[in-house]
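Visitor: I am new to this structure and would like a close look at one part of it, beginning with a single side chain and following its surroundings from there. Could you lead me through it slowly?

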Amino acid sequence: LSLERTKGSEILFGVAPCGLALAQARRALFRLFLKEPRGGSVGAVRAELALQAAARGVPVLHVPGRALDALCRGRPHQGGCLEAAPLPFRSLRDAEEPQQGHGASGSRQLLWLVLEHIQDPMNLGALLRSAYFLGVDRVVATHSNSCPLTPIVSKASSGAVEVFDVYSTDDLQGFLKAKSAEGWEVVGTVSRPEDVEDVPVISCSEFQWDKPIIVVIGSEGQGLSLETQLQCQRMLAIPPGRALHPGIDSLNVSVAAGILLHSICSQRRRHGD
């Protein structure tokens, strides 16, 4: 058995990333590796993956579990790995195109999530999963100092990255300035309100969503850069439920984003939009 990789390829691992990558075919797909069946039974999930691969003309190889472990470097593959081309960020120019069902007027309440310098692939994947689930319309990431859309990101997103476009920009401040000029509200996020100067800070529960909005999330350690904070009209904070110990005084970035996005998106549902 030759597990020699196609040049430039990467290995997706896990049932959801592999299945969704096969279903969407947004990447070039090279080979599907499935764990050798025990006692002649492949299992329903892996059989479905094999059918999807066959429909796409992707070769299916049944290999020992240790070969899968080696392919994905010991990560949880659930019996399946897929060799595929990397998934690039999309150009921000494409993000301005109306989405299906929205119409060119953009009358629907729009919510974009902007990620500044998110470097941890587990956090990025969890952020994308929450954004997709809660109904965020677009996700834009800074191109520099950010994690690419790796197989770990796909796994952490439970495959959401395979169905949900992620855009990137090299000029975050210019992008935010342009959207503000178009009438969008740019809202930053902060874990420690005392760290913010010159921008009003409110609790996420007090925020009223009445125009197209961009929510900007900062990096795990540093939060939003000062340059980005100054592009924000307001900053949102999550009030803690107790007096916090100094060493545990903030939330994981993906958890915080999930709470903030749910707080905002629940207004969309209340308004029947």
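**From the surface to the salt bridges**

Guide: Ile259 is partly exposed, since its relative accessible area of 35% falls between the limits used here, where buried means under 20% and exposed over 50% (1.4 Å probe, protein chains only). The model is a predicted one, in which local features need pLDDT of at least 70 and side-chain atom pairs count only at pLDDT 80 or more, whereas totals for chains, interfaces and linings use all residues. Residues are numbered from 1 along each chain as its sequence is written, and side-chain values use heavy atoms, with hydrogens and water left out.

Ile259 belongs to helix α9, which covers residues 253-270; helices (H or I, at least four residues) and strands (E, at least two) are DSSP runs numbered from the N terminus. Together with Leu251 and Val255, Ile259 makes up a nonpolar surface patch whose accessible area comes to about 230 Å². Areas of this kind are calculated by the Shrake-Rupley method with a 1.4 Å probe, and for residues only the protein chains shown count as cover. A patch gathers residues with over 30% relative accessible area and no salt bridge, joining like charges within 9 Å and nonpolar side chains (Val, Leu, Ile, Met, Phe, Trp, Tyr) within 5 Å.

For a buried counterpart, turn to Val139, which counts as buried because its relative accessible area is 0%. Val139 sits in strand β7, residues 138-142. Leaving aside residues up to four places away in sequence, Val139 is in contact (heavy atoms within 4.5 Å) with Leu113, Leu115, Leu128, Ala131, Phe164, Asp165, Val166 and Tyr167. Val215 stands 76 residues from Val139 along the chain, and their C-alpha atoms are 9.7 Å apart.

The structure contains eight salt bridges, each being a side-chain nitrogen of Lys or Arg within 4 Å of a carboxyl oxygen of Asp or Glu. Asp165 makes such a bridge with Arg26, at 2.4 Å from N to O. This pair connects distant parts of the chain, 139 residues apart, with Asp165 in the loop between α6 (151-156) and β8 (166-169) and Arg26 in the loop between α1 (15-24) and β2 (29-35). Both are partly exposed, because the relative accessibility is 22% for Asp165 and 32% for Arg26. The two also belong to a network of salt bridges that takes in Arg90 and Asp94.

Another salt bridge joins Arg31 and Glu83, whose closest N and O atoms are 2.9 Å apart. Here, too, distant parts are linked, for Arg31 is in strand β2 and Glu83 in strand β4 (residues 80-84), 52 residues apart. Arg31 and Glu83 are both buried.

A further bridge brings together the side chains of Glu185 and Arg234, at 2.9 Å from N to O. Because Glu185 lies in strand β9 (residues 185-189) and Arg234 in strand β12 (residues 234-237), this pair ties together parts 49 residues apart in sequence. Glu185 counts as buried because its relative accessibility is 7%, while Arg234, at 23%, is partly exposed.

These details can be set against the whole chain. It has nine helices and 12 strands, and 47% of its 273 residues count as buried. Among contacts with a separation of 6 or more, 86% are between residues 24 or more positions apart.
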